[in-house]
Amino acid sequence: MSRTIIVSNRLPTKVLRTADDELSFQASEGGLATGLGSIYRQEGNVWVGWPGLFVADAAEEDYVREQLRHDSMEPVFLTEDEISDYYEGFSNSTLWPTFHYFPQYATYEPAHWAAYVAVNEKFCQAVLALAGPDDTIWVHDYQLLLLPAMLRAARPRATIGFFLHIPFPSYELVRVLPWARELVAGMLGADLIGFHTFGFMRHFLSSVSHLLGFAAHNGRLEAGPRTVLVDTFPMGIDYERYAQAAVSEAARQHEASYRQALGDIRVVLSIDRLDYSKGIAERLRAFEQLLLRHPEWRGQVSLIMVVVPSRDQVAQYAALKEEIDELVGRINAAYRTMSWTPIHYFYRSFPPDELASLYRLAEVGLVTPMRDGMNLVAKEFVASKTDENGVLILSERAGAARELSDALIINPTDIDQLTAALHEALVMPQAEQARRMRAMRSLVQQYDVFAWTDLFMDRLAFAKQQQLSLHTD
Ligand code: G6P
């Protein structure tokens, strides 16, 4: 029987060292973990990735490995140097800024590249220790772009899928990378390469054609002796979970206590990981401008802004954190009254039932990234709006905008437009809110994360079939 192996930089369980030096295993609530749960937990299948912990010694490593294996996971342990050069370095200081159209933030360090190659190789060895010659391997995201080709070299008959969760940028950005050819060639080790949007796929094909001279027709890329399928699979969320959480007793109770604390004000909600790609500073400037241009909203509307700490060892993230702190402080100091706070800012993560109550409370969801592969917060807001009230303001440069066309679609750089959209959302008649929300909810419900997983796995099975017929011809 052939098995399916999922590979991503992070495992769906994070291992943490507590203050009293105990280890705690925390299962991720993330969309990918949920969507792929039905696959990696099946008999014989496994998820390979980094557990997020620096192990103290071999005994601890054995213990963590043992625990994770009970839950169908295989850890790849990384050293502090590897995290610094491969994860914070090449992945998040070279690829992330380049792929999100922030080339001015990108660094090009040969030592980071060397670590990226070495860690991709380390993942490759971990997968090869588990994979038979005909197994199916599904590799995820930009931290592992070289892995498909490394696996292909060792397992020519394996079925390999690759999905990119972030944008694939224009060739004009890719060509700046000194290692552009190697990166694109690395991805081509897969039989199927998936993207969130048609635009990302088109950019990828353009890079392949410029860098390697391979052309594609109807989603089939003739890459030397092999055929690689390319396609779009817009990722969804676990709709039912969000819809149910929104009406749960816990969410109602939190909402009641929040409401009591906030008083009778209207809520605009913003939730992101700390990241310069999310347009957080621009969003704050637009909210400030709303208060300036529309004094009638002062004392009436508050922005609840949740920023989840992320990658704070990377310089640009630390600088962004300072900028946000400064902006929030300035706006609150200028406009607040004894009974009203313009911006309620939280720099931490929230447990799911508290998030559900924030989604309930908010009349406006403000999702304005400069660039985003998909953006699942937009979909979570929509899924949580069971009463069909509420308005989503969504950046045209989030992958989600291709699907959620009933949102107020804005250009996040255009602060004037963003300000106008905030005002429009706050005065939108209920009937129009419901019409838009209903349309978006049915889409998010239909194309959920389980449909996404099935679609990708079906297409991968099709790739395998084609490969088999080639072998037997
Ligand atoms: C994005 C990336 C993921 C990544 C996540 C969290 O969604 O596409 O690959 O896991 O951010 O970032 P982190 O660096 O904490 O893994």
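At what angle do the axes of helix α13 and helix α14 cross, and within what distance do they come? The axes of α13 (residues 352–361) and α14 (residues 376–384) come within 9 Å and cross at roughly 75 degrees; axes are lines fitted to C-alpha atoms, for helices over the stretch in contact, and angles run from 0 to 180 degrees between N-to-C directions. This is a predicted model, in which local features need pLDDT of at least 70, side-chain atom pairs count only at pLDDT 80 or more, and totals for chains, interfaces and linings use all residues. Residues are numbered from 1 along each chain as its sequence is written.

**Confidence**

- The protein chain has a mean pLDDT of 96, with 99% of its residues at 70 or more; pLDDT is the predictor's confidence in each residue, from 0 to 100.
- Among the elements of the protein chain, β16 has the highest mean pLDDT (99) and helix α17 (residues 449–472) the lowest (88). Helices (H or I, at least four residues) and strands (E, at least two) are DSSP runs, numbered from the N terminus.
- The scores of the model are ipTM 0.98 and pTM 0.97.

- Strand β4 (residues 46–50) runs parallel to β5 and is joined to it by 3 bridges. V48 has E74 in β5 as its bridge partner.

**The hairpin of β2 and β3**

- Strand β2 (residues 13–17) pairs with strand β3 (residues 23–27) in the antiparallel sense, over 5 bridges.
- The hairpin has 5 residues between β2 and β3, and D21 in the turn has a positive phi of about 65 degrees.
- L16 stands opposite S24 in β3, while V15 has F25 in β3 as its bridge partner.

**The sheet of 6 strands**

- A further open sheet, of 6 strands with parallel pairing, has the order β14-β13-β12-β15-β16-β17.
- Its edge strands are β14 (343–347) and β17 (408–410), each of which pairs on one side only. From one strand to the next, the twist averages 15 degrees.
- Strand β15 (residues 364–367) and strand β16 (residues 391–395) run parallel and are joined by 4 bridges. In this pair, G365 stands opposite L392 in β16.

**The packing of α13 and α14**

- The two helices α13 and α14 are therefore roughly perpendicular to each other, a term that covers angles of 65 to 115 degrees.
- A356, Y359 and R360 of α13 make the contact with E380, F381 and S384 of α14; two residues are in contact if their C-beta atoms, placed from the backbone, lie within 7 Å.
- By class, this contact of α13 with α14 has 3 nonpolar, 1 polar and 2 charged residues. Ala, Val, Leu, Ile, Met, Phe, Trp, Tyr, Cys and Pro count as nonpolar, Asp, Glu, Lys and Arg as charged, and the others, Gly among them, as polar.

**The ligand**

- R10, D141, H165, I166, S310 and R311 are the residues around the ligand, each with its C-beta atom, placed from the backbone, within 6 Å of the molecule.
- By class, the shell around the ligand has 3 charged, 2 polar and 1 nonpolar residues.

Conventions:
Pairing = 2+ DSSP bridges. Parallel < 35°, antiparallel > 145°, perpendicular 65-115°, else oblique.
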